[in-house]
Amino acid sequence: MCAAGSAWEPFRPTDNEPWDLKKVAHLHRRAGFGASWSELQRDLKEGPEAALGRLLNPGEESAELREVLAALQKGVADAADKDERLPACWLFRILFHPDALREKMTLFWHGHFATSNEKVRSETLMLQQNELLRKHALGEFSSLLDGILVDPAMLIWLDGANSPKERPNENLAREDLELFTLGVGNYTEADIRAAARTLTGWAQEARSYGTAQFRFDPQKFDDGLKTFLGSSGPWGRADVIRITLEQPACAGFLCRKLYRQFIRDDGEPAPELIEPLAQELRAHDYSIRHVVEIILRSRHFFADANRRQRIAGPVELSAGILRALDVPRADIRLLPLAEACRSQGQQLFYPPNVAGWAAGKRWITSTNVVERTNWLSDVIWGNPEYDLPPFDPIAWAQRGGVAMHDACPALVELLLQGELSLEARELASAVARGADADGLRKAIQILVHCPEFQLV
């Protein structure tokens, strides 16, 4: 692992630390949801600058993709099974949108600003919040926070619309300070009460299921003197955001979460690793893109000790196998994919509580392990119950320009980049001998059952 003082220096390939397939695949797993064989080979050949450039500055979405996304969103509004179609709509983006990093960060913020349709009960408002997270996913945190504090889904979720100046509701203010910006120990109960007063004034119009409108009523806003985090004045929402971001704890809190997302989540990162990132975040107006780019370019990110150190979340695992195997769009079934993520413990738009999903080792319960295995088997062998066709490894090899006698070694490199036991490698090679479709499927099943495949 890199020394803390040099951790965030840009990675430069050397003879001792070459740009190899392990680093290429690591970049795509962490900054996106995996990559196909052809994408890995392209980025291996063209080098780290080209690979990072594509992730940080992707191409525009096509007109055809926009049409499909619009149709899927309309399908959510019109469908009887909205709970299933709402996550499926986002999963299509995760699978096919060219801006993989933005989708990864949108998922990150969905866990950070966890809001559940279980209470909101409006697919329209949840999709609206999803677009807000996506728009600001790599922008300035102040703009994202400003938008989320008056987002209709959030106002319903944390009772922000039931907060007149006579009886300020403290739920939104409390979670803002505890979970969104500062963390426990960096504010007082008095600060929560003051923040709650600055968030008063929003009124919810009468609503039926799936609809809600909000308006700001100055008569219900508390415009009196408030003392918040040591500063006194007739503060409003913008002032609370400004004062919060001025606190040293805020940048450190956000950078620790980004560290756990992109580097590793086993334990608390050392202060000497976080403080340089926090300084950069403050110096660049809380630009999330700036800090994420530092992380993704760094020696620390590409260090061997930080590879495959996070347990893949259900969305990462379930969508990642489809992206890695380059499963044709016609063979993908979004509703079974959404159900697979739900059964593994991550139903998009339905986080379990205000703290979001408990990740890490908590993804691996006895039930979830079975469901993870079931989904991987369904992708490989198909499942008639869900109209899932079996994966075609012969067609995969042809699409990737892989000779059949090289198909098994290529699959080892694609799925694990050689990071597996000798026993597993030899077993995969033995069952794939002859390079027929069933033999290669058996080899894939052995590979995805390796413990290393559960890690990103």
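How many residues does helix H20 have, and how far does helix H20 reach from its first C-alpha to its last? Helix H20 covers residues 366-381 and has 16 residues. Its reach is 23 Å, close to the 22 Å expected at 1.5 Å a residue. The expected span is 1.5 Å times one less than the number of residues. Helices here are DSSP runs of H or I with at least four residues, and strands are runs of E with at least two, numbered from the N terminus.

The model is predicted; local features need pLDDT of at least 70, side-chain atom pairs count only at pLDDT 80 or more, and totals for chains, interfaces and linings use all residues. Residues are numbered from 1 along each chain as its sequence is written, and side-chain values use heavy atoms, without hydrogens and water.

Several residues of H20 are buried, including Asn368, Arg372, Trp375 and Leu376. Buried means under 20% relative accessible area, exposed over 50%, and partly exposed in between (1.4 Å probe, protein chains only). The cover over the buried residues of H20 includes helices H18 (314-324), H19 (334-343) and H24 (437-448). Just after H20, Gly382 adopts a positive phi of about 85°.

The chain as a whole holds 24 helices and 4 strands. Of its 456 residues, 55% are buried. The C-alpha atoms fill a box of roughly 80 × 55 × 45 Å along the principal axes.

Note on methods. Contact means heavy atoms within 4.5 Å.
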